[in-house]
Amino acid sequence: MHSNIVYKTADTVILGAGLSGLAAAFKLSTEGSRVICLERNRAAGGLARTFNHNGFHFDLGGHRFKTDNKAIENLIRQILNDDIQIVKRASKILLRGKYINYPLKPFNAIFSLGIATASKILFDYTVERLTVRKKKANLISLQDWVIHNFGKTLYDIYFKEYSEKVWGLNGSEIDMLWIKQRIQGLSLGAAIRNALLPKTNSTFHTLTSHFLYPTLGIGQIAKKFEEKIKDNNSNVTVKTQIKEVRHKNNQITGVLAETDNNLFLFKSNHFVSSIPLPTLVQILSPKPPQTVLDAATSLRYRDLIIVAIMIDRPKVTDQTWIYLPEHNIPFARIHEPTNWSPSMAPKGQTLLVAEYFCFAGDSTWNADDKHIIKNTVSSLQSLGFIKRHEVIDSCILRVPKAYPLFEIGYAAGTKIISNYLQQFTNLIPIGRSGLFRYYNMDDAIASGLEAASEILSHKPQMNFAAESSRIATGTR
Ligand SMILES: Cc1cc2nc3c(=O)[nH]c(=O)nc-3n(C[C@H](O)[C@H](O)[C@H](O)COP(=O)(O)OP(=O)(O)OC[C@H]3O[C@@H](n4cnc5c(N)ncnc54)[C@H](O)[C@@H]3O)c2cc1C
């Protein structure tokens with residue numbers, strides 16, 4: 001049972017210590033503000049953490065750092081003391097037993113699957129291009145958009161199965177805005193588009209050939225941020241679950257949080273929230289109107305299971321990522337962290353990390369760990385990557401709310417919520433989950449830094465709408 005509530009104050013309270021929350025805390029504390037950053041996990045870093053399992057290091061799905069924003073790149077280099085290296089990207093799609101280059105090269109993409117398929121792709125694509133001007137397209141879904149632009153055969157080969165596997169939805173259920181907002185590392189569409197329309201897509205971020213990666217994994221960024229925040233006399237408080245966000249007269253008045261069965265009420269003039277947008281709405285006290293609560297319930301996330309298989313061999317692949325669209329393979333992507341940085345495993349050994357996409361509570365999420373690991377090893381063996389006797393260890397982690405799910409209609413839900421939240425003059429939502437956006441790490445960091453600047457410039461409220469339009473127009 002809880003006894004008393006302990007009161008704590010700070011200049012700014014930050015909800016969530018992922019990269020967006022940490023970036024905000026870093027900037028504010030560097031400028032002399034006293035900040036408390038609250039995090040429910042046992043370590044800071046959110047989705048951009050790196051785990052160390054008996055000397056084998058792995059991210060929650062490989063995280064490459066890539067940005068167009070020189071100031072953010074310089075900041076990351078500076079906080080890591082330049083302990084970050086340039087890695088060449090080499091990725092393949094494994095489809096119908098063939099390796100296809102990713103990013104796709106036109107000839108390779110079209111002809112890899114045999115001449116009959118190639119003819120069908122080209123025929124379909126030509127028909128689409130010839131008819132495209134005649135018909136007034138009503139494009140709503142990812143499926144509409146891809147078929148409209150590239151033809152049905154390409155959609156069927158490169159999108160349909162993969163979308164179903166990764167998002168758990170048909171292409172007809174995924175909002176076209178998703179593809180417009182950001183075509184990410186998981187999208188084969190970026191590759192196709194680049195292959196067929198190279199001039200218009202030469203700057204797609206997904207297709208860049210090199211990226212930055214810290215020697216001991218992406219989690220080093222969060223670790224260093226945390227160290228600097230503490231050096232600046234501010235706090236990152238882990239194992240602290242935010243339970244309630246209290247408000248009165250258009251102001252957030254306090255955040256109730258629990259650590260080790262003790263309740264704390266954090267009071268401040270400024271609040272920055274990077275916890276999932278639906279969670280924030282659900283824990284507001286008093287409760288928002290039912291329409292806002294319904295909008296929050298309508299926003300869903302895709303969850304992830306990460307399975308690391310440790311192998312007694314120096315190297316298995318020469319790839320950064322391998323994408324596996326087919327349904328008969330249980331995971332959708334693998335990567336070998338030692339290809340990103342050799343320090344990710346003990347000398348002479350390596351590991352493969354498989355990503356299972358699922359919904360928390362479904363049969364995959366609830367499956368027994370041993371069963372998932374056994375399945376992973378069997379699949380890796382039948383795909384020819386490893387032999388069972390080479391496996392020396394394994395580790396499995398469940399990652400809730402890994403990807404915001406852009407179902408048709410999601411934009412209406414986020415609009416209702418953002419309209420409602422704008423009444424609070426001292427609350428700034430930031431980050432990937434916090435804004436329900438397909439943010440990369442640099443976007444998340446940028447949103448945290450922007451929130452800090454707003455607070456430091458004594459403009460307490462970030463204009464949620466203005467922020468939305470910045471992203472919607474495709475700025476990273
Ligand atoms: C598999 C995968 C691969 C990715 N690969 C890349 C990549 O290659 N390159 C790239 O740039 N980006 C990549 N990303 C995206 C990147 O991880 C995110 O953009 C970034 O980490 C988001 O940071 P954030 O602070 O906005 O959110 P989060 O990391 O989600 O932080 C939110 C924090 O809030 C905490 N929290 C939530 N609820 C509560 C509560 N009630 N109380 C207290 N704390 C709470 C969470 O525990 C979390 O730590 C990838 C993401 C995934 C899932």
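Strands β11 and β12 form a hairpin with two residues between them, and Asn 249 in the turn has a positive phi of about 50°. The model is a predicted one, in which local features need pLDDT of at least 70 and side-chain atom pairs count only at pLDDT 80 or more, while totals for chains, interfaces and linings use all residues. Residues are numbered from 1 along each chain as its sequence is written. Helices (H or I, at least four residues) and strands (E, at least two) are DSSP runs numbered from the N terminus.

The pairing of β11 with β12 (residues 251-259) is antiparallel and extends over eight bridges; strands are taken to pair if DSSP finds at least two bridges between them. Val 245 has Val 255 as its bridge partner in β12. Strand β11 is also joined by two bridges to β15 (residues 284-285), and these two strands run parallel. In β15, Leu 284 stands opposite Val 245.

The ligand is surrounded by 36 residues, of which the closest are Gly 16, Gly 18, Gly 46, Gly 61 and Gly 431. A residue is near a molecule if its C-beta atom, placed from the backbone, lies within 6 Å of it. At least two residues of this shell come from each of α1 (19-30), β11 (240-248), β20 (391-404), α15 (432-435) and α16 (441-456). The shell has 15 nonpolar, 16 polar and five charged residues; Ala, Val, Leu, Ile, Met, Phe, Trp, Tyr, Cys and Pro count as nonpolar, Asp, Glu, Lys and Arg as charged, and the others, Gly among them, as polar. Domain 1 (5-47 + 68-85 + 216-299 + 407-472) and domain 3 (301-404) each contribute at least three residues to the shell, with bounds from an automatic or database domain assignment.

Leu 397 is located in strand β20. Leu 397 touches Phe 51, Leu 60 and Ile 306, residues up to four places away in sequence not being counted; contact requires C-beta atoms within 7 Å. The C-alpha atoms of Leu 397 and Ile 306 are separated by 5.2 Å, although the two residues are 91 residues apart along the chain.

In helix α2 (residues 70-79), Leu 75, Ile 76 and Ile 79 are buried. They lie on the same side of α2 because they cover an arc of only 95° around the axis, given by the directions from the helix axis to the C-beta atoms. Lys 70, Asn 74 and Gln 78, on the other side, are exposed. The buried residues of α2 pack against β6 (84-88) and α9 (219-231).

Technical notes:
Buried ≥ 20, exposed ≤ 12 C-beta atoms within 10 Å, placed from the backbone. Contact = placed C-beta atoms within 7 Å.
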